[in-house]
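Let's walk through this structure together, one region at a time. Keep the sequence and the 3D view open as you read.

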Amino acid sequence: MSGIYIHIPFCKTKCYYCDFHTSASYKYKDDYINALINEVDLQKDFISDKNVETIYFGGGTPSTVDVEDIEKIILKVKQSFSVINKPEITLEANPDDLSEQYLDKLINIGVNRLSIGIQSFENEYLKLMNRRHDSDTAINAVKNAQEIGFDNISVDLIYGLPKSSLDFLKQESEKILSLDIQHISAYHLTIEDKTVFKKYEKTGKIREITDTNSLEQYLYLTKFFEKNGFEHYEISNFAKKGCISKHNSSYWINSQYLGLGSSAHSYNRKVRKWNIANVKKYIEGVNFKNIDQEKEILSKKDMFNDYLLTGLRTSNGVDLNAIEHDLGKEYKEKLLYNVNKQIDTNTIILKENKLFLSRIGWFTSDTMILDLFLDDEI
Ligand SMILES: C[S@@+](CC[C@H](N)C(=O)[O-])C[C@H]1O[C@@H](n2cnc3c(N)ncnc32)[C@H](O)[C@@H]1O
Ligand code: SF4
């Protein structure tokens, strides 16, 4: 089974923490939608597995696009691949785009999963982040979606915000829980280069919270959501039973995926490639049937690093048998040798021939996974 990712790069305003590839100019919107549809024909043979189980509209802000355009793209995907009956179709949305009329149209074209960017319930923080909505708008968006019939809703929360305390996070967590949703993506704030937040940091307007506070918030969140019926199945993701994001999981279980749109990545187990992150150049590329792309042919070392990156991020862990089977015994032995230090310090656990991050390990996962990466082929 494979997945289709569609990147919608447009945002009405730019959030001050965000360094994603986005564009505030809707001048090219119609040309872009046409390009997405035409790109399907150019790229569809990149994935050999034509059985599509999931379609994911990510961004940018897909909810700023007319439902009629979303529908055209879904129809094109359905015509071009063997899409299963009732595929998981996710749309990322900003709360203030979700009018009853918009939601009603979305559910009628088969979108069955919403990922709503709430980020915080505190209006002061929403303002600081330059979000377009306030807390009540976000809560009402979720309620409206539920009333209209959406029963698979995810919410994005940013924690570790400047000056945030554990007590504040406790309030945020209770508010999320009261929404009665199926999935939560909770991201620790990263102050990225070239963002307004970076400027704020340089001028002293905001400051990162301490490592101790970060860890305390992370441990609180994971325990709180687990206690309240959510499975912590990936570093930043929590789901009620049966509500794990099938699309995101496909990245972690080595399924093939095709990414359409500017900056979108595609993967077919042998090659990974990504489109140029420029809306105008992307459209021109599609029109000339020659999209500007970068490509990486995956060596055994790359596949090994991918196994670590994807496996350790999730509750599935890294299967040592799979590494031995797909890459050779020497890769498994090298990993077992290198991981000894982490096993001794209890950040990685070895169980039934699989490696898993411990709860503390998940918090320091980025550096730890990088430490285990191979720089050279064996
Ligand atoms: C593409 S956006 C989701 C859809 C929509 N554009 C929105 O903002 O509601 C992806 C998510 O990544 C998270 N995110 C982006 N930049 C981040 C940062 N610097 N630190 C933490 N989380 C971040 C936010 O939670 C955001 O909702
Ligand atoms: S967080 Fe979402 S809405 Fe804000 S700029 Fe990034 S992609 Fe756009």
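Lysine 194 is exposed, with a relative accessible area of 85% (exposed means over 50% relative accessible area, buried under 20%, and partly exposed in between, with a 1.4 Å probe and protein chains only). You will find lysine 194 in the loop between strand 6 (183-188) and helix 7 (196-202); helices (H or I, at least four residues) and strands (E, at least two) are DSSP runs, numbered from the N terminus. Lysine 194 is not a glycine, yet it has a positive phi of about 55 degrees.

Before we go on, a word on the ground rules: this is a predicted model, in which local features need pLDDT of at least 70 and side-chain atom pairs count only at pLDDT 80 or more, while totals for chains, interfaces and linings use all residues. Residues are numbered from 1 along each chain as its sequence is written, chains are lettered from A and ligands numbered from 1 in the order in which they are written, and side-chain values use heavy atoms, with hydrogens and water left out.

Most residues other than glycine have a negative phi, and most peptide bonds are trans. Asparagine 353 also has a positive phi, near 65 degrees, in a residue other than glycine. Look for asparagine 353 in the loop between strand 14 (348-351) and strand 15 (354-357). Its relative accessibility is 30%, so asparagine 353 counts as partly exposed. For a peptide bond, turn to the step from glycine 59 to glycine 60, which is cis, with omega near 20 degrees. Glycine 60 sits in the loop between strand 2 (51-59) and helix 2 (67-80).

Glycine 60 also leads us to a ligand. Gly60 is one of the residues around ligand 2, together with Cys11, Lys14, Cys15, Tyr17, Cys18, Thr22, Thr61, Asn94 and Arg131; a residue is near a molecule if one of its heavy atoms lies within 4 Å of it. By class, this shell around ligand 2 has four nonpolar, four polar and two charged residues (Ala, Val, Leu, Ile, Met, Phe, Trp, Tyr, Cys and Pro count as nonpolar, Asp, Glu, Lys and Arg as charged, and the others, Gly among them, as polar).

Next, let's visit helix 10 (residues 279-287). Its buried residues are Val279, Tyr282, Ile283, Gly285 and Val286. They lie on the same side of helix 10, because they cover an arc of only 160 degrees around the axis, where the arc is that of the directions from the helix axis to the C-beta atoms. Among the elements that cover these buried residues are helix 1 (29-43) and strand 11 (271-275).

Lysine 270 is found in the loop between strand 10 (265-267) and strand 11. With a relative accessible area of 61%, lysine 270 is exposed. Leaving out residues up to four places away in sequence, lysine 270 touches Glu296, Ile297 and Leu298 (contact means heavy atoms within 4.5 Å).

Helix 11 (residues 300-312) holds asparagine 305, and lysine 301 lies in helix 11 too. Asparagine 305 is buried, at a relative accessible area of 9%, and lysine 301, at 18% relative accessibility, also counts as buried. Neighbours up to four places away in sequence aside, asparagine 305 touches Phe373 and Leu374. With neighbours within four places again set aside, lysine 301 is in contact with Tyr331, Leu374, Asp375, Asp376 and Glu377. The C-alpha atoms of lysine 301 and aspartate 375 are 7.5 Å apart, although 74 residues separate the two in sequence.

The largest cavity is lined by Tyr159, Ala186, Tyr218, Leu221, Thr222, Ile235, Ser236 and Phe238. Six of these lining residues are nonpolar, two are polar and none is charged. Helix 8 (residues 211-227) gives the largest share of this lining, three residues.

Key: 1 Å grid on protein atoms, 1.4 Å probe; cavity = no way out; pocket = protein on both sides within 12 Å on 5 of 7 lines; lining within 4 Å.
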